[in-house]
Amino acid sequence: MVRFENVGMRYGPGPEVLRDVSFALEAGSFTFLTGPSGAGKTTLLKLMLIAEPPSRGLITLFGHDLAVTRRSAFPALRRRVGVVFQDFRLLGHLSAFDNVALPLRLAGRDARDYRQDVEELLAWVGLGDRMNARPPTLSGGEQQRVAIARAVVARPDLLLADEPTGNVDPDIGQRLIRLFEELNRLGTTVLIATHDRGLIEKAKAREMRLVDGRLVELRAQRP
Amino acid sequence: MSGERPGRIMLRDRGAAPLDVVIGVMAFLAALALGASLIADRAAESWRSGLANRVTVQILPPEKSAVSLDGEVEAALRVLRAAPGIAHAQRVSDQETLNLVKPWLGADALIGELPLPRLIDATIVPGAGVDLESLRSRLKAAAPDSVLDDHTRWIARLRTLARTISWSAYAVLLLIAIATASTVAFATRAGLEAHHEIVELLHQMGAHAGFIARAFEWHYFLATLAAAAVGALLAAGFFVAAGGLEFAGIEPVPFLPPLSLKPAELAWLLAVPAAASLIALVTARLSVLSALRRIY
């Protein structure tokens, strides 16, 4: 599904943010990515969603070596990835419904086909009555749930989430993790970057830890 | 990628009024230039058709007093009326001759004292192919002070003038097209900068460059169409007002063709907003695609 081989990343002439990172995410796996702030978690996620090219090393995504893949093929690869950004990155001029429906629109789906799916998903994340609200009128936690709904609505092959439960209370956090687990059971490969030890301990997932740009495998997925 | 319309995904531009004003003014100038070229073409055609089938014979006041001016006029008229291909020949009355020189010399009473030439206006049968050299020599023999003018020199000069005006107008149109494209390219880059978060998000979510470009090109197409339509309408108003002045008997510039446009010619001004909006559409698309190529 995802393979990194000796990947290094630096921004401009600065120091390397990631050094010799090698790992593989198998199809259908559930993984936590942990590490202190500034360890390179967000950069690692950016490389996985083809937002930046690595400075060195090889990245293979869905069987495509990105170094030799034509750039015209990137949009189709990106549409197979659902992302929950740390800063949500919702479109403030669109309603919660339209924000969630965005990946489906980009995939060319007709509004009549996806209306029910989007409404059900918004209800599941507890925003059934805020569908027409615009993000600036939503609380931080509500915005985060919209961002999560947007990331999962198209049932992506790979779900990347950067601190997805950082702004919600523990109950909602657990509910969202159950959503990710449900998606994972349906076949989506999930990688969650988080500081939330409680979340990690409750799950039986594999944990990878980044320290100073180097990857340390802490725990394999428990049965 | 689907034919999904991206219009609602993009935020409507605010503060784009200066762009609309610039495009409106440029469309106004473009429509004036286009109108000028239409007027020049029409004038050239009317001058050509007005003079092409006519010749004028001037009988200059004879230097030898023994020769009668009126006698030479009668002799020249006889030659012309007998010449093959000449449909009609008529002496221009003294009053008409005075009227012709009035615009240059004024209506002073002294004008009557001037030794004005006598004029004969002759019409050629269309397509008759009159041998002007032979006619000229026969006229010289009958009326030694006669000068045959077939207006060729004038027609050539007027054609050159009209062609110069037309090409100048086309050059102005080209410059305005370049200016419009540059303005829209600048505005598109500013728009991309203003909406870079939306553009980057769509890009990272797997939107094709063409999808994002469509959002911008459609926006600038409509904005330019509206602004340029206003500019062209103002220019049309100018030409209609000029026609109104002529109708009221006020001639803006003597000897020059009327500055008004006929309804069919006014319709040509619609080409200005159509062309401007197409230029805007293509420019916006190319600008966005070029900018997106720089994003990984």
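Where chain A meets chain B in this predicted model, the contact draws on 16 residues from chain A and 12 residues from chain B. On the chain A side, helix H2 (74–78) and helix H3 (96–106) each supply at least two of the residues that touch chain B. H3(A) gives the largest share, with 4 residues. Sorted by class, the side of chain A that touches chain B holds 9 nonpolar, 5 charged and 2 polar residues.

Staying with chain A, let's turn to its sheet. Four strands, in the order E2-E1-E4-E5, make up an open sheet with antiparallel pairing. Strand E2 (16–25) and strand E5 (64–65) of chain A each have a single partner strand, so they stand at the edges and one side of each is left without a neighbour in the sheet. Further in, strand E1 (residues 2–10) and strand E4 (residues 56–61) of chain A run antiparallel to each other and pair over 5 bridges.

Now for the nonpolar cores. The largest one has 107 residues, and Ala27(B) and Ala31(B) are those with the most contacts inside it. Helix H7 (residues 209–247) of chain B gives the most to this core, 15 residues. Another core, of 14 residues, lies apart from the largest one and includes Val55(B), Ile59(B), Val73(B) and Ala122(B). In soluble globular proteins, nonpolar side chains tend to be buried together.

Definitions and conventions:
Residues are numbered from 1 along each chain as its sequence is written. Chains are lettered from A and ligands numbered from 1 in the order in which they are written. This is a predicted model: local features need pLDDT of at least 70, side-chain atom pairs count only at pLDDT 80 or more; totals for chains, interfaces and linings use all residues. Two strands pair if DSSP finds at least two bridges between them. Two residues are in contact if their C-beta atoms, placed from the backbone, lie within 7 Å. Ala, Val, Leu, Ile, Met, Phe, Trp, Tyr, Cys and Pro count as nonpolar, Asp, Glu, Lys and Arg as charged, and the others, Gly among them, as polar. A nonpolar core is a set of buried Ala, Val, Leu, Ile, Met, Phe, Trp, Tyr and Cys residues joined through C-beta atoms within 7 Å. A residue is buried if 20 or more other C-beta atoms lie within 10 Å of its own, exposed if 12 or fewer, and partly exposed in between; C-beta atoms are placed from the backbone.
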